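The sequence and structure are shown first.

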Amino acid sequence: MAETDHARLTPPKGATGVLVLGDGTVIWGRGFGAEGDAVGEVCFNTAMTGYQEVMTDPSYAGQIIAFTFPHIGNVGTNPEDIEAINPHALGMIVREDVTDPANFRNTQHLDAWLKANGRIGISGVDTRALTRAIRIGGAPNGVIAHNAKGEFDVAALIDKAKSWPGLEGMDLAKDVSATQSYQWRDGLWTLGQGYDVDAAGPDAPHVVAIDYGLKRNILRNLVAAGARVTVVPATATFDDVMAHNPDGVFLSNGPGDPAATGEYAVPVIKKLLEVGKPLFGICLGHQMLGLAVGAKTFKMHQGHRGANHPVKRTDDGRVEITSMNHGFAVDTDSLPANAEATHISLFDGSLAGLRLTDKPAFSVQYHPEASPGPQDSHYLFEQFVGQLRQPTRA
């Protein structure tokens with residue numbers, strides 16, 4: 001082995017964490033959270049707040065997140081700011097060491113929370129340089145590892161990163177979805193009161209939410225908009241959905257390649273469109289609706305992940321600042337004649353929303369429920385639930 005290779009693969013003094021990429025790049029740091037290693041796609045998120053919501057977002061399954069904001073962990077964690085029962089992101093990469101929490105809502109240090117949930121963290125990383133590398137070269141395969149003794153088989157970790165197949169062609173919705181149906185009744189959170197428990201009225205319009213990896217705040221926003229919600233698994237059939245007698249159907253966010261999930265999801269959505277059920281999709285659900293009407297999806301170079309993404313509405317030109325988390329998108333040029341673009345990303349011009357002209361169905365690529373992020377787009381939940389209250393629907 002050449003001396004340069006030996007030096008590259010030998011941990012520097014004090015290094016207890018490492019990120020290795022599929023191209024052989026080795027990035028040393030200080031490990032925190034759980035010990036071990038995990039392989040996945042390395043991406044970056046530009047949000048300044050909400051790291052706990054990001055880590056628990058099921059859409060991040062199979063991914064390792066580099067946070068561009070340097071101070072992560074300084075408000076600790078709590079049992080309320082979660083989007084799923086367990087974290088789904090594999091690990092986190094941060095610039096500064098995690099400090100003791102300074103927030104009145106904190107109940108557990110981020111380090112302890114990661115340990116309890118089996119998730120790995122690395123600090124001391126030049127996240128600016130890593131982000132630039134991802135922007136130039138695309139989201140790479142990588143392995144994040146933490147060993148308190150600083151003992152790593154780096155060559156084996158590099159091989160592991162190289163051999164990971166990547167997210168294209170990977171159906172992860174089944175892995176993060178609920179396995180059985182359940183009712184959701186809680187509304188939004190307010191300071192000093194917590195979540196609005198049992199807020200859904202018994203006579204409210206009934207929404208069946210297909211869970212491809214949904215975030216809890218989506219369900220809370222549906223309830224806050226006036227709906228009662230039943231959640232069904234990603235693999236629910238058309239008959240399973242209709243057995244709940246829905247007034248409308250929600251298609252949730254989720255991880256993985258939409259084309260892979262679409263193998264079983266698209267036929268169900270096509271039947272729902274045929275019977276005229278109102279549909280609303282977010283993120284992966286947006287991609288599922290696109291595929292169901294004949295559009296194509298593609299893997300993005302770096303994806304969109306953050307809480308500051310400007311999106312332009314095509315009808316009135318207004319701009320919404322949105323929260324995004326996606327590495328795939330619907331190809332605008334592939335939209336059929338009965339589908340029109342309603343929202344466009346001002347970062348790269350990619351499709352951020354669509355509406356069918358002949359069916360009561362629409363979707364957005366971004367996250368109007370935020371958590372974390374701005375609330376410019378909450379009106380979409382009111383728009384969807386509002387149309388369910390209409391006595392007749394097209």
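Predicted model: local features only at pLDDT ≥ 70, side-chain atom pairs only at ≥ 80, totals over all residues.

Residues are numbered from 1 along each chain as its sequence is written, and side-chain values use heavy atoms, with hydrogens and water left out.

**Annotated binding site**

- In an unreviewed entry, UniProt lists Ser59, Gly254, Gly256, Leu284, Gln287, Asn325, Gly327 and Phe328 under "binding site"; UniProt positions follow the numbering used here, feature names are shortened, and annotations may be inferred rather than shown by experiment.
- These residues are spread over 270 residues of sequence, yet they cluster in space, with a largest C-alpha distance of 13.1 Å.
- The lining of the largest cavity includes Ser59, Gly254, Gly256, Leu284, Gln287, Asn325, Gly327 and Phe328. On a 1 Å grid over the protein atoms alone, a cavity is a set of points where a 1.4 Å probe fits but cannot get out, and lining residues have an atom within 4 Å of a point.
- Gln287 lies in helix 10 (residues 284-292); helices (H or I, at least four residues) and strands (E, at least two) are DSSP runs, numbered from the N terminus.
- Gln287 counts as buried because its relative accessibility is 3%; the classes are buried under 20% relative accessible area, exposed over 50% and partly exposed in between (1.4 Å probe, protein chains only).
- Not counting residues up to four places away in sequence, Gln287 touches several residues, including Pro258, His326, Phe328 and Gln365; contact means heavy atoms within 4.5 Å.
- Gly327 belongs to strand 16 (residues 319-330) and is likewise classed as buried, at 12% relative accessibility.
- Leaving aside neighbours within four places in sequence, the contacts of Gly327 are Phe298, Lys299, Met300, Gly303 and Arg305.

**Annotated active site**

- UniProt, again in an unreviewed entry, lists Cys283, His367 and Glu369 under "active site".
- Although spread over 87 residues of sequence, these residues cluster in space, the largest C-alpha distance being 11.3 Å.
- From this set, Cys283 is part of the lining of the largest cavity.
- Cys283 is found in the loop between strand 14 (279-282) and helix 10, and its contacts beyond four places in sequence include Asn253, Asn325 and His367.
- Glu369 sits in the loop between strand 19 (361-364) and helix 11 (379-388) and is buried, with a relative accessible area of 1%.
- Among the contacts of Glu369, leaving aside neighbours within four places in sequence, are Lys215, Asn217, His378 and Phe381.

**Strand 7**

- Strand 7 (residues 141-146) is largely enclosed by the rest of the structure, because six of its six residues are buried.
- Asn141, Val143 and Ala145 point one way from strand 7, and Gly142, Ile144 and His146 the other way.
- Strand 1 (residues 17-21) runs antiparallel to strand 7, joined by five bridges; two strands pair if DSSP finds at least two bridges between them.
- Strand 3 (residues 36-45) is also antiparallel to strand 7, with six bridges, and Gly36 stands opposite His146.

**Cysteines**

- A search of the whole structure finds zero disulfides, a disulfide being a pair of cysteine sulfur atoms within 2.5 Å.
- The sulfur of Cys43 is 12 Å from the closest cysteine sulfur, in Cys283, and this is too far for a bond.
- Cys43 is buried, with a relative accessible area of 1%, and Cys283 is buried at 2%.

Conventions
1 Å grid on protein atoms, 1.4 Å probe; cavity = no way out; pocket = protein on both sides within 12 Å on 5 of 7 lines; lining within 4 Å.
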